[in-house]
Amino acid sequence: MKTLQKLALSGLISLSAPAWASDFVDTRLSFVFADDNVLAGSGETTPNSPNARFGAGNQNTQFYDNFNTRFSGFESLSNIVLYKKAPAFFEGLTTEAALTLLVLERPSGNVAIQDNSSYIRLNYQPPGWGEKEGISLVGFPVSADRFRLGYAYRISWGGSGVFTTRSATNGVPGAKLQITREKWYAYVGGKTALVQNELILEEETLYGVMAGAGWDILDTLRVEAGGGYFQKGLVPGLATLGVEAPVNAAGLSAQVVYHVGVPVGTSVDFRLYKNDPEIYERFFAPEQYPGGLSYSVSLEGSYLSQTLEKPDEFGATKPQGATALALQARAKLGFLRMNVLGLYRSLSYIQFDVPGFPPFQDFPEGTKLNPEMFLAIGADYHLPKLHFTPGVIVGVQRPASFRSPSPVLGGNNPPANLIGTRTVVVRDVNQLSILPETCGGSGACGAEPIYSAKATFRWDLSDSVAAVGEVYYTYDTNRTTFRDDITGVAQPTFEKPHALGFNTLLQARF
C-alpha cells in the first residue's frame, strides 16, 4: 500500500477507484411462527398474548436474551452500505467513508429507514507503526449512536438516547479521535444535540464529551475504562413555572477481560460498517469450532449520576446515582460451548435515559428501591455431520422494583384505584407491572424471583440459511393485569404465573 501511495504522489498512477456498494451487508430475513404463551389467549394477560401466529418480537424473548445487541433477533433487516476507501495525497494518510442505512421491516408491514452511524474517517499511520496502528479521526454526520460508553450492550450508555428522546428528531452527530497502538488505545470525542429550551421555547445546543482507553497488560489480559459528561436540557415541569433547573449527567465505566484463544469481543452494534473488497467481514458469521479449549471472562462496572428534580422540595434538584455490573464468561471445548451471564442494574440505571421515574424526577424520600439482578447459565453442543446444535439455558432474575410512600404514579389527584402505596415492578425502561396493595395474609406485595428455562436448537441448512427453534418455560408471580372489582373500579390482580412459549424460525443471513 505504501508503494502505491508513493507512485500516486509521483503522478505515475491513479488510485481513483469507484465506491463499493454492498449487496445488503448484514442482511437478516426471519420467517417466524411463534406463541409467547400457549397457556393464555387473547385478552387474558398484560401485555396481551395472542394465539400462535407468524411473527414475533421482544415479548418472545427472556431476560437473558440479546445481552449484546439492541435487536430481538426476530426482525427482518438489512444495512445498505456505500463505501469508499483511498490513500490520500499525503504520505501515511488514508481516507474512507461509508453511508450506512438501516432498513427495518416493522410488524405492521411498514419499512423504516434510518441512518446507522454513517461516517467519514481519516487514518494516519506514522512511519514505523504497525499495520493495525494509527491515529484516526471519525466524523458522524447524522448519528453517532454506535459511539458509546460501556462494553456489554445491555448496560452501555452515551448513545443518542443520552440526550433523552427530545433530541431524536434532529439526530445526534459527533466525532471521535483515537490513537491505536499494538498494546493500547486511547480516544476522546464528543456529540451535540438540538433540544428545545422550555424557558425560551427555542432549540438550543446540548453538548456531550467522551473519553476512554484500553491496555493489554498481557496477551491474555486487557483493562479498559471510559467516561463521559452530557447536558440533558432543563426539567420541563419546572421550566413551565419559570424555574431554570438544568439536568447534567456524568459517569464512568470500566472492564477487565481475561481471554485465552479468542480475541476480546465487542457488540456488533458498536462496530462501524464497511464494504471493503480487500477485507471481507461478516458481522453475523457462522460459529467456528477450531478445536481445543478457548475461553474469556469479563467483569464490567459503571457508575452514573445525573441531576433531577427533588419531588419533596419545590424548585430543588439533587444528584441521582446509578450503578450496573455485568459478568460474562464463555468457554469452548471442541464442539461444546458454555456461557454464564450475570447482571446487576439499579432502577435509576434502567431509567437513566428517560431520565428518572417519573421523567426528570428523583424518587421521593422513603421510597424502597430494589435493583435488577439475574444469573443465567447455558450450554450447547454442535454435531458437525448433521450441522445441528442443540442447547439449553436456565436463569433466575429478581426484577427491579420500587415501593413509594406516596401514590405510585404521583400527581395531585391520583386515580382512586392507585391511592396508597404499592410495589411497582420495572422489567425494563418504562415497562411496568403494578402489584396489588396486599397479598392475602402476607401483607404488602413485593417483587418475587422469576425463573426461566429454555431448550434451543439450530440446524444449519447452508452457509446462509438455518432453522432455529426454542421452547421456554417461565414462572413469574409478578404478572398482573387490571380487572374491575365489585365496585366497578379497575384494580391490579395477579395473573397465572406459568408461561410456556415457543419460537420457530427459518432465518437467512448474508
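Among contacts in the chain between residues at least 6 apart in sequence, what percentage join residues at least 24 apart? The share is 63%, where a contact means heavy atoms within 4.5 Å. The structure is a predicted model, in which local features need pLDDT of at least 70 and side-chain atom pairs count only at pLDDT 80 or more, while totals for chains, interfaces and linings use all residues. Residues are numbered from 1 along each chain as its sequence is written, and side-chain values use heavy atoms, with hydrogens and water left out.

Turning to the overall make-up, the chain has three helices and 27 strands; these elements are DSSP runs (helices H or I, at least four residues; strands E, at least two), numbered from the N terminus. Of the 510 residues, 43% count as buried, a label that means under 20% relative accessible area, with exposed set at over 50% and partly exposed in between (1.4 Å probe, protein chains only). The chain exposes about 25,300 Å², and carbon and sulfur atoms supply 61% of that area. Accessible areas come from the Shrake-Rupley method with a 1.4 Å probe, and for residues only the protein chains shown count as cover.

Strand 13 (residues 246-260) pairs with strand 12 (residues 221-234) in the antiparallel sense over 12 bridges. Within this pairing, Gly228 has Gly251 of strand 13 as its bridge partner. Strand 13 also pairs with strand 14 (residues 293-309), again antiparallel and over 12 bridges. Here the bridge partner of Ser253 is Ser302 in strand 14.

The loops hold some backbone features worth a visit. Thr46 and Pro47 are joined by a cis peptide bond with omega of about 0°, and Pro47 lies in the loop between strand 2 (25-35) and strand 3 (53-54). A cis peptide bond also joins Val354 and Pro355, with omega of about -5°. Pro355 sits in the loop between helix 3 (347-350) and strand 17 (368-370).

The loop between helix 3 and strand 17 also contains Phe360. Phi of Phe360 is near 70°, a positive value in a residue other than glycine, and Phe360 counts as buried at 7% relative accessibility. Thr164, found in the loop between strand 8 (134-140) and strand 9 (174-180), likewise has a positive phi, near 75°. Thr164 is buried, with a relative accessible area of 2%.

Methods
Pairing = 2+ DSSP bridges.
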